Amino acid sequence: MITDIIAAKDAALADIKAAASLEDIVALTTRYAGKKGELAALKKQLGSLDSIEQKKAAGAAVNDAMMAVDVAIDARRAVLSATALAEQVENERLDLTEFMGAPTRGHAHLATQAWERLEDVFVGLGFRVAEGPEVETDWHNFEALNMPVGHPARGEWDTLFVDHVPPGGKPGSTVLRTHTSPVQIRTMLAEEPPIYVVAPGRVFRRDTPDATHMPVFHQIEGLVIDRNITMADLAGTIDAFTKAYFGPGFNSRLRPSYFPFTEPSAEFDIQRPDGSWIELGGSGMVHPNVLRAGGLDPEEWSGFAFGFGIDRMAIMRHGVADIREMFADDIRFLEQF
Amino acid sequence: MKILLSWLNEYGDFADPTDSAAVERVADAITALGLEVESVEVIGETVEGVVTAKINRLESHPDADKVQRVHVTTGAGDELHVWCGADNISEGDIVPLATLGTTMPNGMTIERRGILGIDSEGMLCSANELGLGDDHSGIRLLDPDTPLGLPYGEALGLSLDVLIDADVTRNRPDCWGYVGIARDLAAKMGIEFRPPVPTFEVAGEPHTTPVEIVDGDRCARFTSTVISGVEVKPSPDWMANRLTAAGMRPISNVVDVSNYVMLELNQPNHAYDLDTLGGGGFRIRLANDGELLTTLDGDARTFTGEDLFICDANDTPIGVGGIMGGLDSEISDATTTVALEIAWFSLVGIGQTVTRTSLRSEASSRFERGVDPYGMPNAVLRFAELLSETCPDLVVHAGGADAQSDFLPAAERSVDVRVGAVNRLLGTDFIADDLPALLDPIGYTVSGVGDTRSVVLPTWRLDSTDEVDVIEEVARHHGYEKLGKSVPKSTVHGGLTPHQQRRRLVREVLLGLGISEAMPNPFLAPGTLAKAKLSPEAISITNPLVMEESVLRTSLRPGLLEALAFNESHRRTGVRLYEIGHVYPPSDGELPAEYEALTVVLAGEEAPAAVAVWRELVNTLGAGARVDQSRAPAGLHPTRTATLQAGKDPLGAVGEVAPDVLAAFDVHERVAILELDLDQLLGRAPKPTQWKATSRQPSSDLDLAFVLPNDTPAEKLDKAIRQAAGKLLVDMSLFDVYRGAGVADGSRSLAYRLRLQAIDRSLTDADIADVRRGVETATIKLGAELRS
């Protein structure tokens, strides 16, 4: 009996060693180690042995054989699994550089990219974003902004007029807004202070296109109305924006200027870390007449406003030599950014 | 305004033109006053080594026809020989000679150089080569009396000077004159201001020129002073040089003094020859419609009833009020007595005529901004004083006319200024006693005691009317840089509105789908809308820059089709673009029916690609619309387009652009298109999605194929299945559409896979059979036939 057990074990071990695939291992497991396997069959015969000693000895031998076979099967399976995995991954080899095709994501317009960056900076500074129509009434675009009919400064805006005539209105009283400032008026009329808004948007001038001008372009306007807002608050807000948008190494300054809708008025410049100055935009304390047009009492409320070009920010950031390129809708341009 | 520093120094010791640090301080102070300095240019610099020389003789060379040999002398030493290509020289001329070793402004060094074996020992110079202007047509010839061997700068009376170009803002009419700038600058720099105080006296026999102002709203003051003893001759060099530097051509002493007084005192004026002045007086009235006048620039112009004329006493027009004199009103060499006009015109009136006629002048630019209505007497005497330098017998006659209308601004205007209001706006802590030091030097006279002071506004600052105007002056002279920087203590929070956030989400979806953003011109050419088969009803620009850009778009479609055509013409096909932008359909309201639109165009793709984009947006935004293929909007493919209906409102359209429209726009690919009213789409913010439990139970898939007539939309079948399958249906997809053998003509087979699952139990075969039966019953009503 023991001889049979040893013979069976040796045969099994030899077969396991020779197993060439995981499928062989499955078959050998059934044949030798399964409940109906050869060793199990031998184990069943133990009962037919005569003496207890014989049973013990044969039992030990069969258990030893079964354990040896299990160990051998596990070991062989591990080897074959590793080989199979190595073979599989080798067969699945890819040259990933074959797949470096063009990215498929679309490209937001440069003006939109600058627009959203600016919005994000101002939102971070506590501003909301206001919007308004691009075709405007003369009243919102000029009159409410302290430029009554006949005001000489109107001439500086190179206004485009449209043939829309409001009911009971006069021809020539509808314009393509020349700045985003009408949104100031609309916001003041629609909301109670405190007002902290920026108004980005498209504006229009009767200006022949060249490398730095387009008749259709984008501006962002800021308006703050609250109690006891001072010109120092304007300077500080411009400075906070400068550092948030351009970087901590940048500075800003206000210098006197003139706009009909602010007084005192100021141009604001930013200083690069190398010390050079760039003129950025206009600003000032909201003129009492503008507050009144917005339905606010200048004795109760004060505020400041500022504005500058969005497209120019994009051009400066990306080194675009000619603003007209930005609006040619050439996919070769759009895809660069 | 171009400011010549040596001239400005007449009114204060601002800076030595040769001291560049001092010049920079002046320029910075001018900018800090709000007159932005555009450029600072050093002029009158001379080139060392260039001296005056006389041409002894000219000689041609048989082998050189473009240059000639010139023998010159500098008065000492040997005769020098130079080659010269200019042909404006002749023997005896005095010319500037660059001697050997001279470095010219362009960097070239004059060296001994041979042509045809004969050395040139210097170079004769043109004005341009010496940096004396643009003239390079020939050698700069000097006065025949010029001594030889003299540095040419000395011979020409050149001295180093600085020209500062400053931008004068519209609220500073006074800064169109030297005196106005000097007043402001002296106050800013804390130095003494010396305005000109003419000592000339009115001495002559009374002589009055009658003045009648007919339209006093347009001309509020007109003074006319008779000045005799005039001799018309050239101006002295100092005046001619200053005017030249200021960009004005010296003409004669009378014209030059007139210009000088304008530049110095900001008082435009006009001298008429009294002997040729019809009726010896003036009448100021509006022109008649169609009335003609030839202006000083030589153009015969037609005027309207809104333009103001200066006429002589016989009512013959002799000038356009405040803008330009008539050609016939010019003084001549024979003039001996002039009537000097100094007037004040309505700012708005001047502006209107300038805008309508495009006729502008130095005078109109000043009147349009507002000159001092009370500066005439001083200006008359200054005129006489300056002219008397060349006309020693000059007499200013008493009895000058001074006609005024009710529209003349008051001589004394004052405003109350509260120091609290100053501090409230500027964030400063001034006391009222600080105000005079800032305001008095610039002519704003502060008086009174307490926290509210009365400030008399200067007559030359008509822009100043209110307290806030004075506050601005305080801020300017205190210095903006001293106001400090603080950040408002806001109690509100920033952020984007839900609408704006959803707009960004739309962009993200589109960019993720590989669609780039275009921004075509919102102005279309006439006919473009019709070309796109859109309604030609649109708003037009009444003063377009060019006709091709004169119609306000009512749709984003034409601009994007043009963009596709452009890219296709540059061999870029398959371009995917979107635009988010305003469109401006006409309306009867206060403003056009402007709204924000979104259009997507996918070149080289068919309608389903646009539907896929629409589905992505619906999925992201959680706001859908009914797809109604019963009618296609004009210009879109009639059988491949659906309108998107949200309730009763049309939200947009999805499909393809009509082939004939593509052809008209020169697009040779198919174009899938999605058009949406973005205002509407973004305005319908959905409620937050509510959680639905996901089942842990096993699921079963049920595949069903239906034959459905082509004219019944698949969407209806989809809906019917979903309804009938009820709450066991957790997912469904249309996985096959088949037309052909085995399916009746005019129909197609649509195969759906339904995933069924209960939340709380395993499904039985009976459950699945129920669903199948229910779906079959429901879909039969649509005319759909369930295939086995």
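Leaving aside neighbours within four places in sequence, Ala610(B) is in contact with Val600(B), Leu602(B), Val654(B), Gly655(B), Ala672(B), Ile673(B) and Leu674(B). Contact here requires C-beta atoms, placed from the backbone, within 7 Å. The model is a predicted one: local features need pLDDT of at least 70, side-chain atom pairs count only at pLDDT 80 or more, and totals for chains, interfaces and linings use all residues. Residues are numbered from 1 along each chain as its sequence is written, while chains are lettered from A and ligands numbered from 1 in the order in which they are written.

Ala610(B) belongs to the largest nonpolar core, of 236 residues. Leu8(B), Val338(B), Leu564(B), Val600(B), Ala610(B) and Val671(B) touch the most other members of that core. A nonpolar core is a set of buried Ala, Val, Leu, Ile, Met, Phe, Trp, Tyr and Cys residues joined through C-beta atoms within 7 Å. A residue is buried if 20 or more other C-beta atoms lie within 10 Å of its own, exposed if 12 or fewer, and partly exposed in between; these C-beta atoms are also placed from the backbone. A second, separate core has 22 residues, among them Val51(B), Val72(B), Ala98(B) and Ile110(B).

Chain B is divided into domain 1 (2-44 + 161-189), domain 2 (50-156), domain 3 (211-404), domain 4 (413-476), domain 5 (498-683) and domain 6 (700-787). Such bounds come from an automatic or database domain assignment. Between domain 4 and domain 5 of chain B, the C-alpha centres lie 56 Å apart.

Helix 4 of chain B covers residues 178-189. Helices (H or I, at least four residues) and strands (E, at least two) are DSSP runs, numbered from the N terminus. Of the 12 residues in helix 4 of chain B, 10 are buried, so this helix is largely enclosed by the rest of the structure. The buried residues include Tyr178(B), Ile181(B), Arg183(B), Asp184(B) and Leu185(B). They pack against strand 1 (2-4), helix 1 (5-8), helix 2 (20-32), helix 6 (253-265) and helix 12 (467-478) of chain B. Just after helix 4 of chain B, Gly190(B) takes a positive phi of about 70 degrees.

Chain A holds 12 helices and 9 strands. Its radius of gyration, taken over C-alpha atoms, is 42 Å, well over the 20 Å that the globule rule gives for 337 residues, so chain A is more spread out than a compact globule. The globule rule is 2.2 Å times the number of residues to the power 0.38. Along the principal axes, the C-alpha atoms of chain A fill a box of roughly 130 × 50 × 45 Å. Buried residues make up 45% of chain A. The domain assignment gives domain 1 (2-99) and domain 2 (110-334) of chain A, with C-alpha centres 84 Å apart.

Arg77(A) lies in helix 4 (residues 52-91) of chain A. With 18 C-beta neighbours inside 10 Å, Arg77(A) counts as partly exposed. Leaving aside neighbours within four places in sequence, Arg77(A) is in contact with Leu22(A) and Ile25(A). Arg77(A) and Glu23(A) are 54 residues apart in sequence and 9.8 Å apart in space, C-alpha to C-alpha.

Between the chains, 71 residues of chain A are in contact with 75 residues of chain B. Helix 8 of chain A gives the most to the chain A side, with 8 residues.

Methods
Contact = placed C-beta atoms within 7 Å. Expected span 1.5 Å × (residues − 1).
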